[in-house]
Amino acid sequence: MRDYIAFCVAHSLPLDPTPSTLSRYIAYTFKFIALGLKYLTGVHHFLIDLYPHFNASQSHPLIQSTIWGSKKVCADGVQCKLPLHLSHLKAFLEVAASSKSYDDLLFITILSCCFYACHRSGELIQKNSKSLFDWQKIIKHSSLTFPGHRAQYHLPYHKDDPFYRGTEIFFTP
């Protein structure tokens, strides 16, 4: 409550919570205090008896737009994983080649398919849950061929396949 009064006095605004005053107060608290909605709730608690129209002002489109915009401006940034680089693939390949473990070789194969063919890992890895498992979306071993100096397989389904025919994936050196 004290901060609202101090805000109004400092900016020569009336204490009456008009949509314009509340909008400025919300923008100020989001920018300098970062707890705008909590402060607005506190102001509501103390001013509702003095200004019965506070609820109408609070539900005004200007106030709702200010809250929405302040949340958008002050939101935390999207946290993305770092992209995979060729140097990462080379490092994984060296580990797989030195260990000669089937799991390591399978991992580098799946990782390479994801990287070079722009697959999502969910298209290449079998799901654990029976409810998520669909045989129509699984790449068949029998579709893998090596014509000439390339590898090729049939991807039976993907989300950009409008006719559900599948796509032939080709890897060249």
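## Overall architecture

The chain has 8 helices and 2 strands, where helices (H or I, at least four residues) and strands (E, at least two) are DSSP runs numbered from the N terminus. Read along the sequence, these elements follow the pattern α-α-α-α-α-α-α-α-β-β. This is a predicted model, in which local features need pLDDT of at least 70 and side-chain atom pairs count only at pLDDT 80 or more, while totals for chains, interfaces and linings use all residues. Residues are numbered from 1 along each chain as its sequence is written, and side-chain values use heavy atoms, with hydrogens and water left out.

## Dimensions and surface

The radius of gyration of the chain is 29 Å, whereas a compact globule of 173 residues would have one near 16 Å; this radius is taken over C-alpha atoms, and the globule rule is 2.2 Å times the number of residues to the power 0.38. Along its principal axes, the C-alpha trace spans about 80 × 40 × 30 Å. As an example of separation, the C-alpha atoms of Phe54 and Trp135, which are 81 residues apart along the chain, are separated by 59 Å.

The accessible surface of the chain comes to about 12,800 Å², of which 61% belongs to carbon and sulfur atoms; accessible areas come from the Shrake-Rupley method with a 1.4 Å probe, and for residues only the protein chains shown count as cover. Of the 173 residues, 24% count as buried, where buried means under 20% relative accessible area, exposed over 50%, and partly exposed in between (1.4 Å probe, protein chains only). Among contacts (heavy atoms within 4.5 Å) between residues at least 6 apart in sequence, 35% join residues at least 24 apart.

## Two buried residues

Ser23 is found in helix 2, which covers residues 19-32, and Ser23 counts as buried because its relative accessibility is 11%. Not counting residues up to four places away in sequence, Ser23 touches Leu62, Ile63 and Thr66.

Phe54 lies in helix 4 (residues 54-58), and with a relative accessibility of 0% Phe54 also counts as buried. When neighbours within four places in sequence are left aside, Phe54 is in contact with Pro17, Leu22, Leu40, Val43, His44, Leu47 and Ile48.

## Helix 7 and its cover

Helix 7 (residues 102-116) has 15 residues and reaches 21 Å from its first C-alpha to its last, close to the 21 Å expected at 1.5 Å a residue; the expected span is 1.5 Å times one less than the number of residues. The buried residues of helix 7 are Ile108, Leu111, Cys113 and Cys114, and what covers them includes helix 6 (86-99), helix 8 (121-124), strand 1 (151-155) and strand 2 (167-171).

## Loops and a nonpolar patch

Most residues other than glycine have a negative phi. Ser12, in the loop between helix 1 and helix 2, has a positive phi near 55 degrees, and Ser12 is exposed because its relative accessible area is 67%. Lys100, in the loop between helix 6 and helix 7, has a positive phi of about 55 degrees although it is not a glycine, and at 68% relative accessibility Lys100 counts as exposed.

Leu15 is placed in the loop between helix 1 (2-10) and helix 2, and its relative accessible area of 37% makes Leu15 partly exposed. Together with Ile5 and Val9, Leu15 forms a nonpolar patch on the surface, with about 250 Å² of accessible area together. Patches are made of residues with over 30% relative accessible area and no salt bridge, where like charges are joined within 9 Å and nonpolar side chains (Val, Leu, Ile, Met, Phe, Trp, Tyr) within 5 Å; a salt bridge is a side-chain nitrogen of Lys or Arg within 4 Å of a carboxyl oxygen of Asp or Glu.
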